[in-house]
Amino acid sequence: MFDVFARFYDLDTEGLNADLTFWLQLARRTGGPVLEVGCGTGRVLIPLAEAGFSVVGIDVSPAMLAVAREKVKARGLDERVDLVECNALDLNLGRTFPLVFMALNSFGHFAEPGEPERALERMRAHLEPGGLLALDLTNPTPGAFGETTGLLIHEYTRPGPCPGWQTVKLRSQWQSFVAQRIEVSCIYDEVSASGEIRRTLAPFALRYFYPQELRLLFERAGLVLEGMYGSYDLDPLDDDSDRLIPIGRNPVRGASSRDRRQRHA
Ligand SMILES: C[S@@+](CC[C@H](N)C(=O)[O-])C[C@H]1O[C@@H](n2cnc3c(N)ncnc32)[C@H](O)[C@@H]1O
């Protein structure tokens, strides 16, 4: 399902880098190696490797990983990057990390009942004692997802991915308040200089989460919530925050709850 996006993902995220310093600082705080779940084409993973961290990236999409692999190779980062094709719901790498994270709403792809719980359980299983799990989600305030009544909007016109061609991206979204899902239909029209058009349709669903729900999900996964932040600068979450960034810690076995509280103070 995500393979269809691989061709366009770097166009979609062109210039999108507001989160990179945040992920780098978090990796500096925990040390590596770092596990990115849903690493896509390496938008975050590659800067982390360039900063010297050993990074494991897993993704369910072979096409996304193929783009990431090319970039890793072109930058000479093979030594520091390990890319693994797998579904996060079945994640079983047989090792643990001081930091596991999912960037840019990727946790919202666990859109079916039971999937968020399963994904958190799998990610916690890959955290070393004391390790951190961080997610970056949209804070679902009214209007946070833009137009969600099915209206077709023009998202961008950008050169590429074929040299000499332009891509026109159109997008239509429906919001289900009960299911807490945004149903997204993307249309990519690639247009050649002579006016030839190739159309690609790419639908997906994005689950969104409320802060108190995330609190319970983290607790149920056995994670101690260290903080819930509202921006990449770690501002406190409030009603105007754009981002919703929960960071949880895998408790150290044997530590008393008092010890744990002190460690997190
Ligand atoms: C929004 S992209 C994020 C890519 C990258 N982390 C970034 O920040 O640019 C979400 C990625 O999650 C991957 N993904 C979705 N569901 C997944 C699953 N169940 N297991 C592993 N990867 C998944 C998709 O293939 C896609 O590459």
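In this predicted model, four strands form an open sheet in the order E7-E8-E9-E10, and their pairing is antiparallel. Strand E7, residues 153-159, and strand E10, residues 197-207, are the edge strands, each of which pairs on one side only. On average, neighbouring strands of this sheet are turned by 20° against each other, direction ignored. The contact between E7 and strand E8 (residues 166-176) can be followed in detail: the two run antiparallel and are joined by six bridges. Within this pairing, Arg158 has Thr167 in E8 as its bridge partner.

Strand E1 (residues 34-37) pairs with E2 in the parallel sense over four bridges, and Leu35 stands opposite Val56 in E2. Together with helix H4 (residues 45-50), E1 and E2 make a right-handed β-α-β unit. E2 also pairs with strand E3 (residues 81-85), again in the parallel sense, and this pairing comprises five bridges. Here the bridge partner of Val55 is Val81 in E3. The chain passes from E2 to E3 through helix H5 (residues 62-74), and this β-α-β crossover is right-handed.

The largest nonpolar core has 30 residues, of which Trp23, Leu26, Leu45, Leu48, Leu83, Phe101 and Ile247 touch the most other members. At least two residues of this core are supplied by each of several elements, including helix H3 (20-30), H4, H5 and E3, as well as strand E4 (97-102), strand E5 (127-135) and strand E12 (243-249). H3 provides the largest share, six residues.

Leaving aside residues up to four places away in sequence, Ile247 touches Phe22, Leu26, Leu132, Leu133, Ala134, Phe218, Val224, Leu225, Glu226, Gly227 and Tyr229. Another core, of 28 residues, lies apart from the largest one, and among its members are Phe107, Leu120, Leu214 and Leu244.

Terms used. Residues are numbered from 1 along each chain as its sequence is written. This is a predicted model: local features need pLDDT of at least 70, side-chain atom pairs count only at pLDDT 80 or more; totals for chains, interfaces and linings use all residues. Side-chain values use heavy atoms; hydrogens and water are left out. Two strands pair if DSSP finds at least two bridges between them. Axes are lines fitted to C-alpha atoms, for helices over the stretch in contact, and angles run from 0 to 180 degrees between N-to-C directions. A crossover is right-handed if, with the strands pointing away from the viewer, the path from the first strand over the helix to the second runs clockwise. A nonpolar core is a set of buried Ala, Val, Leu, Ile, Met, Phe, Trp, Tyr and Cys residues joined through side-chain atoms within 4.5 Å. Buried means under 20% relative accessible area, exposed over 50%, partly exposed in between (1.4 Å probe, protein chains only). Contact means heavy atoms within 4.5 Å.
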